[in-house]
Amino acid sequence: MKHRIRIYIFSLSGLIVLSAFAAPPAAINIHGSLTASDNSPVTGDRAYSVTFSDESTGGNALGGALTGTVTLTDKGLFNIAVTPPEEIFTAAQVWYELAM
């Protein structure tokens, strides 16, 4: 009987640890670079919009558009941290579109 109790407690502890690792992220980082048509880096502040959908084209919107402003580096690099809408966690597939 002692072995069964120990196994049960160990299994329960394992589930608690695994559930902590399975939690969805609070934010998603979108990294990239932006260049002009002549291949020179775009710099400065730029407005952005991120939308999520359930298809690569013509799908259903998952939540509303996430908008803001990001500052591009002198090399055109950027990082945008967005809090994803809850709808993405129940969709069969998720696509995002970034517009600047």
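Predicted model: local features only at pLDDT ≥ 70, side-chain atom pairs only at ≥ 80, totals over all residues.
**View 1. β2 pairs with β3 in the antiparallel sense.** Seven bridges link β2, residues 44–53, with β3, residues 66–72. Aspartate 45 has threonine 71 of β3 as its bridge partner, while arginine 46 stands opposite valine 70 in β3.

**View 2. Three strands make an open sheet.** Follow the order β3-β2-β5, with antiparallel pairing. β3 and β5 stand at the edges and each has a single partner strand, so one side of each is left without a neighbour in the sheet. From one strand to the next, the twist averages 30°. As a reminder, strands of a sheet pair through backbone hydrogen bonds, either parallel or antiparallel.

**View 3. Phenylalanine 78 is a buried residue of strand β4.** The strand covers residues 77–82. With a relative accessible area of 10%, phenylalanine 78 falls under the 20% cut-off and therefore counts as buried. Leaving aside residues up to four places away in sequence, its contacts include Ile30, His31, Gly32 and Leu34, along with Val70, Leu72, Leu98 and Met100. Ser33 is also one of the residues that phenylalanine 78 touches; the C-alpha atoms of phenylalanine 78 and serine 33 are separated by 6.0 Å, although the two residues are 45 residues apart along the chain.

Key: Residues numbered from 1 in each chain as written. Heavy atoms only, no water. Pairing = 2+ DSSP bridges. Helix = DSSP H or I, 4+ residues; strand = E, 2+ residues; numbered from the N terminus. Axes fitted to C-alpha atoms, helices over the stretch in contact; angles between N-to-C directions. Buried < 20%, exposed > 50% of the residue type's maximum accessible area, 1.4 Å probe, protein only. Contact = heavy atoms within 4.5 Å.
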